[in-house]
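Dear colleague,

Please find the structure below, followed by notes on what was found in it.

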Amino acid sequence: MIDKLSWVAAYPEILLLTMACVIALVDLAVKTPLRGATYALTLLTLAVVALLLGMAASSGNTIAGFGGMIVSDPMGNWLKCFASIAVMVTLVYGRGYASQRDMLRGGEMFTLAMLALLGMFVMISGHNFLVIYLGLELLTLSSYALVALRRDNVQATEAAMKYFVLGALASGFLLYGLSMVYGATGSLDLSQVLQAIAGGEATLKGSPQVLTLGLVFVVAGLAFKLGVVPFHMWVPDVYHGAPTAITLMIGGAPKLAAFAIVIRLLVEGMQPLAVDWQQMLAVLAVMSLLVGNLAAIAQTNLKRMLAFSTIAQMGFMLLGLLAGVVQGDAGNMANAYASSMFYVITYVLTTLGTFGVILLLSRSGFESENVSDLAGLNQRSPLYAGVMAICMFSLAGVPPLVGFYAKLAVLQALLASSAAFYVGLAVFAVIMSLIGAFYYLRLVKVMYFDAPTQTADIEAGADARSVLSLNGALVLVLGILPGGLMTLCAQAVSKLFA
């Protein structure tokens, strides 16, 4: 059923889709190599969308649209707002890089980025299995095209092929799992699925075994999208092979959408099965922390190192999702999921800063992607070295930066459960963070204490330089004053259970 409220719930998506089409047409008349008009119009659109979403989220209202198939709630609106800002920042950092590599022959990069963002919006808003899957496919298909945007580059084409084949496999996993859950519950709507599962065998349409098997496939599909072990094989190859601007497009905003579908499917749809899926997430989290941190130590390529770092960071984020339901008691849910939401938002902020520096240090014919390329960066540009150092310290969890507070929030959620298993997980996570600190701090040592290997001038536009400075400042300020963002996450998550 489509009523006026349906259009209100979906207006950010409608605006984004309309503008993506308009920008694709406007770009046909743009002839400048840097695509100035297309770029300005894209940023303006994303800024307006982010502003509208921020206002909608601040109101605290929850609106269901299209017969409950999509929902506009504070958690979803904040995640969409931050995703819009992340894509905006990615385009600011990546425009010069893309232009030098002949990726701006047309305006496809801007249109595809907006369509990928539309996919994220649909994933975040979806309250129905098919809508969530539709959003996921729109995001992944746009991402495949973005990775292959540098058609004449062998590495990028190879990365796109790997991403496409493994992505199709993961989509198959998720769809197979969702079809089994549908078979067992008789509904595609998340709230009806929740009721059917909560009622036990009396309300289920199929056998509980089919439901459990479906859950396993759903978790496997979600794990692939998050890039956690053992579904992580695509992450280092795609991060390394894709053009750096696109690596940031894949490694930044989509993490917010992946977090959202984990919450939608597992918490809002299958919360009575928490005992089963929390066990699976615990295994994924432990393996990701172990493999991600140990493998990152051996890397000399900066993008591969950050790929393994992402795997470990996503493992840490999953720890927050584990502590929601403890021995049948759901009292810790709002606290645990809010800490995970805070973690994923601050992780994306830090990732933007890290890749921003790498992008601005790259120049025509030179990819700044090895650890050795950052040698002596402080002597060449104290600003870039400072931002990179702040981001590295934050990822390592050093106070007073935002990464420390994010890790503290997740650990506090684990300890609040006071179960021995969760306390053990918290201790393990701290040990893994100590191991991870090695490769983050090694980068700081290379920037400040090694002799420079590059002497070329660093050229970057005033827009990119100012955004990078703001990015680095936010990582520091949110670490010293995390209360506002933490309260925002707590209020948004508590509305889910209101």
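**Helix packing and the main pocket**

Helix α11 passes α14 in a right-handed crossing, a term used when the near helix is turned clockwise from the far one by less than a right angle. This is a predicted model, in which local features need pLDDT of at least 70 and side-chain atom pairs pLDDT 80 or more, while totals for chains, interfaces and linings use all residues. Residues are numbered from 1 along each chain as its sequence is written, and side-chain values use heavy atoms, with hydrogens and water left out.

The axes of α11 (residues 254-269) and α14 lie 9 Å apart at an angle of about 165 degrees, and the two helices are therefore roughly antiparallel (over 145 degrees). In their contact (heavy atoms within 4.5 Å), Lys255, Leu256, Phe259, Ile263 and Val267 of α11 meet residues of α14 including Tyr337, Met341 and Val348. By class, this contact of α11 with α14 has 10 nonpolar, 1 polar and 1 charged residues, where Ala, Val, Leu, Ile, Met, Phe, Trp, Tyr, Cys and Pro count as nonpolar, Asp, Glu, Lys and Arg as charged, and the others as polar.

Helix α14 (333-361) also supplies at least two residues of the lining of the largest pocket, as do α2 (36-59), α3 (74-100), α19 (462-480) and α20 (483-496). That pocket (an open set of points on a 1 Å grid with protein on both sides within 12 Å along at least five of seven lines, its lining residues having an atom within 4 Å of a point) has a volume of about 520 Å³. Of its 21 lining residues, the closest to its centre are Phe82, Ile85, Val89, Leu349 and Leu474.

Best regards

Conventions. 1 Å grid on protein atoms, 1.4 Å probe; cavity = no way out; pocket = protein on both sides within 12 Å on 5 of 7 lines; lining within 4 Å. Points joined across faces, edges and corners; volume = space filled by probe spheres on them. Helix = DSSP H or I, 4+ residues; strand = E, 2+ residues; numbered from the N terminus. Axes fitted to C-alpha atoms, helices over the stretch in contact; angles between N-to-C directions. Parallel < 35°, antiparallel > 145°, perpendicular 65-115°, else oblique.
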